[in-house]
Amino acid sequence: MTYRTLFRMALVLVTLSSIAIAVILLTTDWFVSPVKVKPPEVPANKEREAIAIPKVTFTDVTDTAGITFTHFNGATGKKLLPETMGGGVCVLDFDNDGRQDLLFVNACPWPGNQAPDKPAASCLTLYRNKGDGTFEDVTVAMGLVVSMYGMGACSGDIDGDGFRDLFVTGVGGNKLFRNGAGGDGSRRFEDISTSASITPQGKWPGNLLAEEFLKSREPIEFATSATFVDYDLDGKLDLFVCRYVNWSPAVDLSIDATLTGIGRAYLPPQQFEGSQCALYRNLGDGMFEDVSAVAGVIVTEKEGTAAGAKERRVAKALGVIVCDPDGDGWPDLIVANDTVRNFFFHNVPTANGRKFEEKGLASNAAYAEGRARGAMGIDAGEHLPGKHGIVIANFANEPLTFLTVADPKKPRFTDSALAVGLTGPSRFPLKFGTFFFDYDLDGRLDLLVNNGHLEPEIGRVQAGQQFAQPVQLYWNTGDPARVFELVGEADAGKDLFRPLVGRGSAFLDFDGDGDLDVVLVENNGRARLLRNDTKLGNKFVRLTLVGDGKTANTSAIGAQVTVEAGGKTYRRDVAGARGYLSQSELPVTVGLGENHIIDKVTVRWPGKELPLQTWTNLKANTASTLRQNLPSP
């Protein structure tokens, strides 16, 4: 075949293809002018309709109440990590007079140093509630003059005598005080730390010169929050202790950390090795046994995949809450860890008794948004009828974590902070102390967060951040679509929102009027007592629970209270530690709104297979003591 013939055949094929394409195009609507479709009308964005927040004024009564406590952190310009962390407050009725007293925890000068303002000789300050709106300092009279670098405290009756004992955490060691009768019949606190076998991981360095202390590389105990909990339900309170990091002054100073234009900065916890929590089992007679390992609260991870890889301690624990997310009656623990995953210690049976299995990862409690946050304080409570949340206070530019139980049987958690309206408002501050409480007595648990930064010069390097920050108060609307609403000065007064370098916080009814007041601790600053001056007229019932001391601990820590009134049901838990380095009052206050009649109160005591106990003769706007196996007075 000649080239000319091939060319003619190719020309014919091209011509036929062009005709076919033209036919297709002419018989379709491809060349039809496009139809102009009118875009849908989208209404303009509207601001969310405001919710009317009840007006409840908090009044600063610190001076008139006689509270003069000022926290001291020992800072000398070296910027050692513990200086950023304290302190806490513990609410307790130490003399059983029905009035809530206050214990504040202070630090002390570093070895070889003396504070210019000469802080009090004792790191503890105990105020007795006189019942007339004022307090008196009874630290010396009650035997609590002690020098230590204190952090936090918790309280519970460890020996079943009906009086609350004390545990104080600190850098360099912890202290356990028994509340007992002296030879003259008066009561005093006695330090039983040594005889009770509460031993530190690393002791206070003692009488070193300042330069010697700063060169010390020996790890020093760094305990933070603690709680009493009867984990094996034998009727005796055991003790769980959070530890932060593996710390020594020389290691701290050996790590370079600077802020541009400022100089040395406080180190973040990522620069330190982790530590481990501790669990002490109450053996009775004032004796405790360290069961941390056998009870499953030591958490380690391997550094690598090799068979001989080093085990690394994980915990950087700052907060702990006793809760029961699976509803089986056995107390579980959730631990807030700073910049590492949070722990969920699930209380499970074994052949040798009860122990904890750490299920943070499996239960979805370990992380928020897939990563660790700088977690500080923690609390748990019923935020909607029959629904319970665990709030965790996180670092600046990290929102609150709000865990809800997605599946109680496993159990499994979901971070619902966005759904309940906390993500946006809570993101900016650096958050420490937090707790649920019903400040307007409408029957719904509200939320308070105590805020304050670590770095005094933060305002010079981060736009908008400040060292001292205002408290945040969230009112519970009761609407599942928007549970929490941020409260401002117009609805709660100016006193509550005066900026402070916030750390510990707690609630109590110090004046006996039925509503809940607030105490705030400031790092290296003055503590504040804020009186709740609600005039809404909502009703309440106030319940103090007392276990029999045999089948349930006398402090009733771990008890569950259900109040039925006016067709509504409220559940409250008696918890030890709440928030950060602190413990609120043990009596349970349940707001009833406008309900005048209480149908029934049911208590599930913290013990093995104990029957529920009910009361039907309680009245609104009263305070009652509910004793296990005894009718109400």
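Mentor: Two strands pair if DSSP finds at least two bridges between them. Strands are DSSP runs of E with at least two residues, helices are runs of H or I with at least four, and both are numbered from the N terminus. This is a predicted model, where local features need pLDDT of at least 70 and side-chain atom pairs count only at pLDDT 80 or more, while totals for chains, interfaces and linings use all residues. Residues are numbered from 1 along each chain as its sequence is written, and side-chain values use heavy atoms, with hydrogens and water left out.

Trainee: Fine. How many helices and strands does the chain have?

Mentor: Eight helices and 39 strands.

Trainee: What is the order of the open sheet of four strands?

Mentor: The order is 26-27-28-29, and the pairing is antiparallel. Strand 26 (431–437) and strand 29 (484–487) are at the edges with a single partner strand each, so one side of each has no neighbour in the sheet. From one strand to the next the twist averages 25°, taken between N-to-C directions on a 0 to 180 degrees scale, with axes as lines fitted to C-alpha atoms.

Trainee: And how many bridges join strand 27 to strand 28?

Mentor: Three bridges join strand 27 (residues 446–451) to strand 28 (residues 472–476). Leu 447 stands opposite Tyr 474 in strand 28.

Trainee: Switching topic. Where is Arg 526?

Mentor: Arg 526 sits in the loop between strand 31 (517–522) and strand 32 (528–532). Its relative accessible area is 31%, and that counts as partly exposed because buried means under 20% and exposed over 50% (1.4 Å probe, protein chains only).

Trainee: What does Arg 526 touch, leaving out residues up to four places away in sequence?

Mentor: Thr 62, Asp 63, Ile 67, Thr 68, Phe 69 and Thr 70. Contact means heavy atoms within 4.5 Å.

Trainee: Now the largest pocket. Which residues lie nearest its centre?

Mentor: Asp 93, Gly 98, Gln 100, Thr 544 and Pro 587, out of 31 lining residues. A pocket is an open set of points on a 1 Å grid over the protein atoms alone, with protein on both sides within 12 Å along at least five of seven lines, and lining residues have an atom within 4 Å of a point.

Trainee: Which strands each supply at least two residues of that lining?

Mentor: Strand 33 (539–546) and strand 39 (622–627) do.

Trainee: Last one. What percentage of the chain's residues count as buried?

Mentor: Of 633 residues, 55%.

Note on methods: On a 1 Å grid over the protein atoms alone, a cavity is a set of points where a 1.4 Å probe fits but cannot get out, and a pocket is an open set with protein on both sides within 12 Å along at least five of seven lines; lining residues have an atom within 4 Å of a point.
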